[in-house]
There are 2 protein chains.
Amino acid sequence: MKEAPAVQRPGLRERKKARTRAAIREHALRLFREQGYDATTVDQIAEAADVSPSTFFRYFPTKEDVVLLDEFDVLAVGAFEAQSADLSPVAAFRAAARAAFSSLGEDELARLRETAELTLTVPEIRARAMDEFARTIGVIAQAAARRSGRDPNDFAVRNVAGAIVGVIMAATMPWSDWAEEAAGSDMLDRIDAALAHLEAGLPL
Amino acid sequence: MKEAPAVQRPGLRERKKARTRAAIREHALRLFREQGYDATTVDQIAEAADVSPSTFFRYFPTKEDVVLLDEFDVLAVGAFEAQSADLSPVAAFRAAARAAFSSLGEDELARLRETAELTLTVPEIRARAMDEFARTIGVIAQAAARRSGRDPNDFAVRNVAGAIVGVIMAATMPWSDWAEEAAGSDMLDRIDAALAHLEAGLPL
DNA sequence: AACTAATTGACAGTCACTGTCATAAACAAC
DNA sequence: GTTGTTTATGACAGTGACTGTCAATTAGTT
């Protein structure tokens, strides 16, 4: 008479894990906001989340990863493949990014902005973001390859993905004396404008 | 009656510092090659270079920086500004890169390859390379701005610089299962091809 | 030769991160 | 329920990168 939902229910254990994970991330982001990233030790986060320091590292391999785990590109890739096939890769990606962003809820957007802020501000995290970007190039290349029926390791495909990530970097990264201008325009708008510019062939 | 060469002679102190710096880097790279990056401790490097660990950190702020100090982009920027003004920014940069590469000596090329290898291989260093790339975007943007008489913070200028760095990343970074192909072609050739592709408008 | 300023080494300390082991809780069977 | 198995957790000890301070040395100067 059990008849328990086989796929549906994650099980108590899984739910507890998810709650622990969320608690750690939540308290970590709060502490970063309150005292700064460097000034916050892993021990403090662990204590605030009421777990042992060991447990912290079981959930996040490094302190940086508390900030860096977005899973957002998965969303974008889904939208990417849903675009009509006659669009150029860049145009398709741009449309996909817009769709993905607008599908986010308020709280998700807020967290995205907060982590983005930290990624831009803290050198350690900014550095680590490189690997994320490289991984993203791979993900985009794979999706573009599927769309166009080419090999994901194809040189041209990878190159397009690289250019996309490059202009996003340029639109996102903090500039020498550019903090004011950046504060004015929205990050997502800047990304969209950068993609539009790339789509148009980077005219000067 | 001194009449010492005012600008010419660096002074004994400076020469000693340069020699110490070179010794540290040399022994560090050798140890990395022999035992791997992670397995090599700063203490070992210091001992091999016959300085104290404290001194190591006075010359290089972090262990990663032993690898990451290229000063190569400065060379490229010089060549960039020497290109004729009717070339597109991308074409000009491509020509400049070729010129800069071919101006390097054998030993400099060897060291460039070795540090590049480490940058691609070791996750820590690869991550840190992000900041270098961001800086490089800035440097390229400044040079491009001077060339075209625009503001270095101009959106389009930055975006072009970002695209250039992006395709270089794509051509340089190691791929999922891509090691074989990469070994075949030369890194510099791949960079040139990537720039050519970008120059042509990224056709698929 | 004497004075000043820079370079260095020794030392102690912090913190991210790793590995191991024993305990306790969740799940699966009976 | 009661058992046995798996998994999450915490306590602990250790490594290594990095920081700060202080005293001794050494290069440059008068």
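Predicted model: local features only at pLDDT ≥ 70, side-chain atom pairs only at ≥ 80, totals over all residues.
The contact between the two chains draws on 38 residues from chain A and 38 residues from chain B. On the side of chain B that touches chain A, the elements that give two or more residues are helix 8 (123-148), helix 9 (155-172) and helix 11 (187-199) of chain B. The most is given by helix 9 of chain B, which supplies 14 residues to that side. By class, the side of chain B that touches chain A comprises 24 nonpolar, nine polar and five charged residues.

The largest nonpolar core has 94 residues. Those with the most contacts inside this core are Ala161, Ile164 and Val167 of chain A, together with Ala161, Ile164 and Val167 of chain B. For Ile164(B), when residues up to four places away in sequence are not counted, the residues touched are Val90(B), Phe93(B), Ile140(B) and Leu198(B).

Two helix pairs in chain A were examined, and helix 8 of chain A takes part in both. In one pair, the axes of helix 8 (residues 123-148) of chain A and helix 9 (residues 155-172) of chain A come within 8 Å and cross at roughly 135 degrees. These two helices of chain A are therefore oblique to each other, and their crossing is right-handed. From helix 8 of chain A, the contact involves Phe133(A), Thr136(A), Ile137(A), Ile140(A), Ala141(A), Ala144(A) and Ala145(A). These residues meet Val157(A), Arg158(A), Val160(A), Ala161(A), Gly162(A), Ile164(A), Val165(A) and Met169(A) in helix 9 of chain A. Twelve nonpolar, two polar and one charged residues make up this contact of helix 8 with helix 9 of chain A.

In the other pair, helix 5 (residues 72-81) of chain A packs with helix 8 of chain A, their axes coming within 10 Å and crossing at roughly 15 degrees. An angle under 35 degrees counts as roughly parallel, and helix 5 of chain A and helix 8 of chain A are therefore assigned to that class. The crossing of helix 5 and helix 8 of chain A is right-handed. Helix 5 of chain A contributes Asp73(A), Val77(A), Phe80(A) and Glu81(A) to the contact, while helix 8 of chain A contributes Thr136(A), Val139(A), Ala143(A), Arg146(A) and Arg147(A). This contact of helix 5 with helix 8 of chain A divides into four nonpolar, one polar and four charged residues. Thr136(A) is listed in the contact with helix 9 of chain A and also in the contact with helix 5 of chain A.

Individual residues were also considered. Glu26(A) lies in helix 1 (residues 11-35) of chain A and is partly exposed, with 14 other C-beta atoms within 10 Å. Glu26(A) and Phe60(A) are separated by 34 residues in sequence and by 13 Å in space, C-alpha to C-alpha.

A positive phi in a residue other than glycine is found at Asp50(A), where the value is near 60 degrees. Asp50(A) is placed in the loop between helix 2 (42-48) and helix 3 (53-59) of chain A. With 11 other C-beta atoms within 10 Å, Asp50(A) is exposed. In chain B, Asp50(B) has a positive phi of about 60 degrees although this residue is not a glycine. The loop that holds Asp50(B) runs between helix 2 (42-49) and helix 3 (53-59) of chain B. Asp50(B) is exposed, with 11 other C-beta atoms within 10 Å.

Conventions
Residues numbered from 1 in each chain as written. Chains lettered and ligands numbered in written order. Contact = placed C-beta atoms within 7 Å. Helix = DSSP H or I, 4+ residues; strand = E, 2+ residues; numbered from the N terminus. Nonpolar A, V, L, I, M, F, W, Y, C, P; charged D, E, K, R; others polar. Axes fitted to C-alpha atoms, helices over the stretch in contact; angles between N-to-C directions. Parallel < 35°, antiparallel > 145°, perpendicular 65-115°, else oblique. Left-handed = near helix turned anticlockwise from the far one by under 90°. Core = buried A, V, L, I, M, F, W, Y, C linked by C-beta atoms within 7 Å. Buried ≥ 20, exposed ≤ 12 C-beta atoms within 10 Å, placed from the backbone.
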